[in-house]
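Me: I have just opened this structure and would like to learn how to read it. Could you take me through a few features, one at a time?

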Amino acid sequence: MNTIPRHPIHHMVSRAGLLVLSVLLASPGLAATTGGTAANANAKTIKVTLSEWKVQLSPDEIPAGPVEFAVSNTGSIPHALEVEGRGLERKTAQIQPGATAKLQLDLPAGRYEAYCPVGKGSHKMLGMLDHLTVGDAQRTASSHETKGGARYAAEPGAAMEHEMAMEPESDDKDEYGAGAKRMTVTGGGPVIQILPGPFPFADSAAAVIRNRPPDQQADLTHKAQMGPYSNNVATISGDISLVAIDHGATGDSVAGIARFTAKDGARWIVVMDRVQTKDIPFNPRFGGVIMGLFYHGASGVHTPLVPTIRSSLALWAFAHLYKNDQLVSDNAMVHIMLLSRTRRTSDWALDCWDCSDRPVEELQLQVTPAPNTAPFDSPGGFLFVNWEKSGGRSSSL
């Protein structure tokens, strides 16, 4: 960005200096550099709709020159718009549900990404990405631009790799989800059962509940008072292994088995063989298999009533559930995350509200009844088990 040096002139600014400043600020080249916040009568207007989990541009092809993005958040959680390409990267502030914003730029010919940057890239990974073609982009689309010395345009099929931790955000991926990914996960270390109890971060939970719509507050209040994220834990025994495949928006798969003996001596077996994509009440929902999210809490992804974490794997599945070798359900709902550690090793209590900087080594298994079915014969009617020293190995397919 151009800067104007300051010189002491006895607290006076010359008319010539003001004239130069005015000319600089009116310059189209400078407008492109700063994001073009000044209105332009000749600007093309692009209507942008943000929702869970989509970005829609209308139109998505325009001539080179000034453009105004008229952005509407029609979703149920905060979003934003970021436009990136040709060495430019500009974004709006966060836009609350039902609100609007504008972003004015001067764009040379090329191909640009338009995406939601909220959640450290997680909203983008979940599908909030579209592309804008400006002018004759044939030449620029085939060239390899650079940004900060790193390759900017990606080869098709580039895949994200994870091994026990999330890969940092990178400029060499044109879009998330390019190429199928496979992860093999094995539970290890101490095994704990998490039983119903009050959420230990009462102040944080209260602030979250206050800011949710009235129809959600009763449900969240109950979970905060007697929910599955508590310090009521018991050390148990068990094992888990699974293979999860992320094909992108559709076609995911999961196969795995978990065995554990609960605190009350009951022997449970969870056989996962189908992905699950159905919505749950009150939360923006995505199903199947997702790798590499900044998640929960303050992330803007899924329920905020639990600590913020990084997950190298999150999946939703249906399972055959057995108790003491007797079939309990053929459609038990399973949620698994390989995530950053949330519990301390001395007594397995939750000890962080923002756990996103912890090592990714905690494997969580949650099993709940299908909608409109009876609770399980277990404390709270659900099963929640952690393997505290777990790992995952991923590869491209």
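Reply: Gladly! Let us begin with accessibility: buried means under 20% relative accessible area, exposed means over 50%, and partly exposed lies in between, using a 1.4 Å probe and protein chains only. At 36% relative accessibility, Asp347 counts as partly exposed. This is a predicted model, so local features need pLDDT of at least 70 and side-chain atom pairs count only at pLDDT 80 or more, while totals for chains, interfaces and linings use all residues. Residues are numbered from 1 along each chain as its sequence is written, and side-chain values use heavy atoms, leaving out hydrogens and water.

Me: What share of the 397 residues is buried?

Reply: Buried residues account for 46% of them.

Me: How many helices and strands does the protein chain have?

Reply: Helices (H or I, at least four residues) and strands (E, at least two) are DSSP runs, numbered from the N terminus. The protein chain has six helices and 23 strands.

Me: How many salt bridges are found in the whole structure?

Reply: A salt bridge is a side-chain nitrogen of Lys or Arg within 4 Å of a carboxyl oxygen of Asp or Glu. A search of the whole structure gives eleven. In one of them, Lys124 pairs with Glu113, with the closest N and O atoms 2.9 Å apart. Lys124 sits in helix H3 (residues 122-125) and Glu113 in strand S8 (residues 110-115), so the pair ties together parts eleven residues apart in sequence.

Me: Are Lys124 and Glu113 buried or exposed?

Reply: Lys124 is buried, at 10% relative accessible area, and Glu113 is buried too, at 7%.

Me: Which residue partners Asp325 in a salt bridge?

Reply: That is Arg267, at 3.3 Å from N to O. Asp325 lies in the loop between strand S19 (309-323) and strand S20 (326-340), while Arg267 belongs to strand S16 (residues 267-275), 58 residues apart. Asp325 is exposed, at 52%, whereas Arg267 is partly exposed, at 40%.

Me: Which residues are linked in a network of salt bridges?

Reply: Arg341, Glu361, Glu388 and Lys389 are.

Me: Where is Gln364 found, and what does it touch?

Reply: Contact means heavy atoms within 4.5 Å. Gln364 is found in strand S21 (residues 360-368) and is buried, with a relative accessible area of 3%. Not counting residues up to four places away in sequence, Gln364 touches several residues, including Tyr229, His335 and Phe384. Gln364 and Trp387 are 23 residues apart in sequence and 6.6 Å apart in space, C-alpha to C-alpha.
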